[in-house]
Amino acid sequence: MSGLTEEQALTELRTLARTRALGRHVGSDRLIRAALDALLAGIDSPSLPLLAGLGRREEHEAQELFGHLAEELGIGFDAPADPMAAKWALAYWLAAQIVDGSLDPATGADLIWAEVAIALDYPSELASVVACAVQLEDWDETWDIPLERLKEAAVRAARELLECESPGTVS
């Protein structure tokens, strides 16, 4: 048994739906695993057992089935149609996950740098997050500054990003 509560399983499914809507790849194996966890947590939906029961040879069906599942559960997310607004939405969503602790600060800062800052030509609003990402990527044990302090700086930078009023802000 997965050990997830129904709410935890729904949260994971919502996260995957948003991740996909914001243009990030989610592997079929991850969708199938989340569906299995949701099924074991007691969530009921016509597409859920179909997705959870896919075998390796059927993984190509997972993306479409997950779309049906998201629709059935009402957990879909519509990303902004404008590509720049969608990138900003991704940045703010990743920053929120860094701040709430659901995303490792080093991973989140790196994703903001690689998937947003580069695409938006390094806007000033992302400068402190990118600086943290660079430091975290370069860090090694010989540095005088502990890794945890750099991660704390990334959390602060993400919090500041969430507080800034940018033309690209999309919640």
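**Close-up views of a predicted model**

**View 1. Contact of helix α1 with helix α2.** In this predicted model, Ala9, Glu12, Leu13, Leu16 and Arg20 of α1 are in contact with Arg30, Leu31, Ala34, Ala35, Asp37 and Ala38 of α2. Sorted by class, the contact between α1 and α2 holds seven nonpolar and four charged residues, and no polar ones. Helix α1 spans residues 6-21 and helix α2 spans residues 28-40. Their axes come within 9 Å of each other and cross at roughly 155°. An angle over 145 degrees counts as roughly antiparallel, so α1 is roughly antiparallel to α2. The crossing of these two helices, α1 and α2, is left-handed.

**View 2. The aromatic pair Trp88 and Tyr92.** One aromatic pair is found when the whole structure is searched. The ring centres of Trp88 and Tyr92 lie 5.8 Å apart, and the ring planes are at 40°, so this pair is classed as tilted. Both Trp88 and Tyr92 belong to helix α5, which covers residues 83-100. Trp88 and Tyr92 are four residues apart, about one turn of the helix. Buried means under 20% relative accessible area. Trp88, with a relative accessible area of 6%, is therefore buried, and Tyr92 counts as buried at 5%.

**View 3. Packing of helix α5 with helix α6.** Helix α6 is formed by residues 105-117. The axes of α5 and α6 are 9 Å apart, with an angle of about 175° between them. The two helices, α5 and α6, are therefore roughly antiparallel to each other. On the α5 side, the residues in contact are Lys87, Leu90, Ala91, Leu94, Ala95 and Ile98. They meet Pro105, Gly108, Ala109, Leu111, Ile112, Glu115 and Val116 of α6. By class, the contact of α5 with α6 comprises 10 nonpolar residues, one polar residue and two charged residues.

**View 4. Pro49 in helix α3.** Helix α3 consists of residues 48-52, and Pro49 is found within this helix. Pro49 has a relative accessible area of 43%, which makes this residue partly exposed. Along the chain, Pro49 and Ala85 are 36 residues apart. The distance between the C-alpha atoms of Pro49 and Ala85 is 35 Å.

Methods. Residues are numbered from 1 along each chain as its sequence is written. This is a predicted model: local features need pLDDT of at least 70, side-chain atom pairs count only at pLDDT 80 or more; totals for chains, interfaces and linings use all residues. Side-chain values use heavy atoms; hydrogens and water are left out. Axes are lines fitted to C-alpha atoms, for helices over the stretch in contact, and angles run from 0 to 180 degrees between N-to-C directions. Angles under 35 degrees count as roughly parallel, over 145 as roughly antiparallel, 65 to 115 as roughly perpendicular and the rest as oblique. A crossing is left-handed if the near helix is turned anticlockwise from the far one by less than a right angle, and right-handed if clockwise. Contact means heavy atoms within 4.5 Å. Ala, Val, Leu, Ile, Met, Phe, Trp, Tyr, Cys and Pro count as nonpolar, Asp, Glu, Lys and Arg as charged, and the others, Gly among them, as polar. Rings of Phe, Tyr and Trp (its six-membered ring) pair if their centres lie within 6.5 Å; planes under 30 degrees apart count as stacked, over 60 as edge-to-face and the rest as tilted. Buried means under 20% relative accessible area, exposed over 50%, partly exposed in between (1.4 Å probe, protein chains only).
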